[in-house]
Amino acid sequence: MSATSMNARERTLAMIVGSIAAILINLLLFKFFFGHRQRLTDELNAKKAEIEALQVLYSEKEMWEQRGAWVEANQPKLAQESNAGVQLHDRVQELAKKHVVLLEAPVLGAAERRPNQTAVPFTFETKSPWPALIAFLHEAQSPEAFTVFESANIQKDPGDATQMRGKFKIARWYAPDPARAAAR
């Protein structure tokens with residue numbers, strides 16, 4: 001009997017092993033191709049969403065240009081950095097008195113130069129009834145004031161359920177420094 005010939009049992013076993021190997025290779029190929037197809041589909045959907053967002057921005061271009069011009073025309077310029085924090089403190093204190101909001105722990109921060117504005121921060125805590133706090137917050141962040149609430153934490157006062165306690169960090173945004181804007 002020669003070594004190259006196989007009996008029926010060996011041929012059956014070889015076909016089973018070959019079939020299993022072929023199935024495993026096909027499964028790996030399917031997994032690779034379907035995974036690759038899914039990744040490409042996800043990328044295509046992300047690109048479509050990005051294009052739609054850009055189309056919306058482009059369709060609103062005139063509105064954003066008008067808003068940009070309004071900001072450039074109305075955003076205050078920082079004349080004296082040392083007085084800006086005091087002015088913000090005085091404005092917040094005046095609004096707090098107007099809306100019967102108690103200011104606690106006021107802290108003035110140093111001016112922070114950012115690419116699109118110079119921010120003068122001010123942190124404080126409040127205690128007041130809910131309607132007074134809402135009125136205070138609404139007036140404090142009007143667009144013409146260029147005052148931004150960078151962080152806010154409002155909770156019910158544990159000692160008095162009719163009062164709200166708030167911890168705020170606000171900043172007044174001034175026009176960017178022209179020297180820094182030219183450097184960009």
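The following dialogue goes through how several labels on this predicted model are assigned.

Tutor: Two conventions apply: this is a predicted model in which local features need pLDDT of at least 70 and side-chain atom pairs count only at pLDDT 80 or more, while totals for chains, interfaces and linings use all residues. Residues are numbered from 1 along each chain as its sequence is written, and side-chain values use heavy atoms, with hydrogens and water left out.

Student: How many helices and strands are there in the chain, and what makes a run count as one?

Tutor: The chain has five helices and five strands.

Student: Why is the chain called more spread out than a compact globule?

Tutor: The radius of gyration, taken over C-alpha atoms, is set against the globule rule, 2.2 Å times the number of residues to the power 0.38. For 184 residues the rule gives 16 Å, and the chain has 33 Å, well over that value, so the chain is more spread out than a compact globule. Along the principal axes, the C-alpha atoms fill a box of roughly 110 × 50 × 30 Å.

Student: What span is expected for helix H3, and what does H3 reach?

Tutor: The expected span is 1.5 Å times one less than the number of residues. H3 (residues 81-98) has 18 residues and reaches 26 Å from first to last C-alpha, close to the 26 Å expected.

Student: Is Val100 buried or exposed, and where does Val100 lie?

Tutor: Val100 lies in the loop between H3 and E1. Its relative accessible area is 61%, so Val100 is exposed. Val100 also has a positive phi of about 55 degrees although it is not a glycine.

Student: What makes the pair of Phe30 and Phe34 stacked?

Tutor: Rings of Phe, Tyr and Trp (its six-membered ring) pair if their centres lie within 6.5 Å; planes under 30 degrees apart count as stacked, over 60 as edge-to-face and the rest as tilted. The count by this rule is seven aromatic pairs. Phe30 and Phe34 are 6.0 Å centre to centre with 25 degrees between the planes, hence stacked. For Phe32 and Phe33, the centres are 5.2 Å apart and the planes at 70 degrees, so that pair is edge-to-face.

Student: How do you know that Arg67 lies over the face of Trp64?

Tutor: A charge sits over a ring if NZ of Lys or CZ of Arg is within 6 Å of the ring centre and within 35 degrees of the ring normal. Arg67 is at 5.0 Å from the ring centre of Trp64 and lies over its face.

Conventions
Helices (H or I, at least four residues) and strands (E, at least two) are DSSP runs, numbered from the N terminus. Buried means under 20% relative accessible area, exposed over 50%, partly exposed in between (1.4 Å probe, protein chains only).
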